[in-house]
Amino acid sequence: MGLGSAKGVESTTPLLQISDLSVARSGEIVIQDVDLEIRKGEFVGLVGPNGSGKTTLLLTILGLLEPVPNTGGIVRVFGKERFSNSDHGRIGWVPQAASNLSSNIRITVRELVRLGTLNPQNMFIMGNSERNARVNRALEMVGIVDKADADVRTLSGGQLQRSVIARALASEADFLLLDEPLVGVDLPSRNSLLKLLDDLCHNENMTVLMVSHDLTTITQAAHRIVYLEGSVRFDGPSYEVPDFSSLAGLRGIVHVHDDHSHEHQ
Ligand SMILES: Nc1ncnc2c1ncn2[C@@H]1O[C@H](COP(=O)(O)OP(=O)(O)OP(=O)(O)O)[C@@H](O)[C@H]1O
Ligand SMILES: [Mg+2]
């Protein structure tokens, strides 16, 4: 079994299998020769400096970016190279700066979470009662039932992140991809969010791949850390993560993305 897998979960096929993956943005290769396998129930932290390709990797897992042609790169999610229709909704996506998204929309937490149940696959099949049941369950899972009818603009950063995670959960996702969900979240809420994700992995069989800049915080929560900088420089259990100075060693001499990262931000 993979590192940190949830108790009692046996699965022969990894949930995510990536091999020899290179991806280009605007014609320039930004991640190269990435190999990564994630098994059901794992909580994996993806770390790396700005512009190191973390979001690019997540977008590729989502199928929004393609491997560079003829490089042999493979991305399999749920054992398949292309998302089959039945797997739609199994990946929950919590985007970078999700907490800024709804700042000028008047919408309640319940409505936001309900958006997660909108899936082309079930649009005409799922009745209202099922939809409501899913929304309620997602609200419970993230512990935000008491805020269900609050306007999202009145929420704290941590509460808003919980709501965005609930939206992903309402889609019945069993694989959560989170891009910097801790940004703008105060320390106590940050810790409880990480505890929530850990509980989801252990109790709900969720698999989590989470990007964070905050190496200290993420190593406390995730079972396994992947350090990406163009390629995977470290992949191992959180308790074996090298300290910052040796990570600098892993980074090599030049940080190639520094000079032009502003062009795309
Ligand atoms: N739409 C784009 N077009 C061209 N290049 C891009 C685009 N998006 C990102 N890049 C470049 O690809 C590289 C990787 O970017 P990516 O967003 O994956 O990094 P990241 O690790 O998520 O960074 P951050 O920590 O700042 O979010 C960077 O050099 C970035 O400038
Ligand atoms: Mg990013």
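**Entry 1: Ile225.** I looked up the bridge partner of Ile225 in β9 and found Gly236. I note that the model is predicted.

**Entry 2: the pairings of β8.** With strand β3 (residues 43-47), strand β8 (residues 224-229) pairs in the parallel sense over four bridges. I recall that strands of a sheet pair through backbone hydrogen bonds, either parallel or antiparallel.

**Entry 3: the turn.** I followed the chain through the hairpin that β8 and β9 form, with one residue between them. Gly230 lies in this turn and has a positive phi of about 80 degrees.

**Entry 4: the sheet.** I traced the strand order as β5-β6-β7-β3-β8-β9, an open sheet of six strands with mixed pairing. Which strands stand at the edges? I found β5 (91-94) and β9 (231-237) there; each has a single partner strand, so one side of each is left without a neighbour in the sheet. On average, neighbouring strands of this sheet are turned by 15 degrees against each other, direction ignored.

**Entry 5: the helices.** I examined helix α1 (residues 54-61), which packs on the sheet and touches β3, β6 (175-179), β7 (207-211) and β8. The direction of α1 makes about 150 degrees with that of β6. I also examined helix α6 (residues 187-203), which lies across β3 and β7. Helix α6 runs at about 155 degrees to β7.

How values were computed. Residues numbered from 1 in each chain as written. Chains lettered and ligands numbered in written order. Predicted model: local features only at pLDDT ≥ 70, side-chain atom pairs only at ≥ 80, totals over all residues. Pairing = 2+ DSSP bridges. Helix = DSSP H or I, 4+ residues; strand = E, 2+ residues; numbered from the N terminus. Axes fitted to C-alpha atoms, helices over the stretch in contact; angles between N-to-C directions. Contact = placed C-beta atoms within 7 Å.
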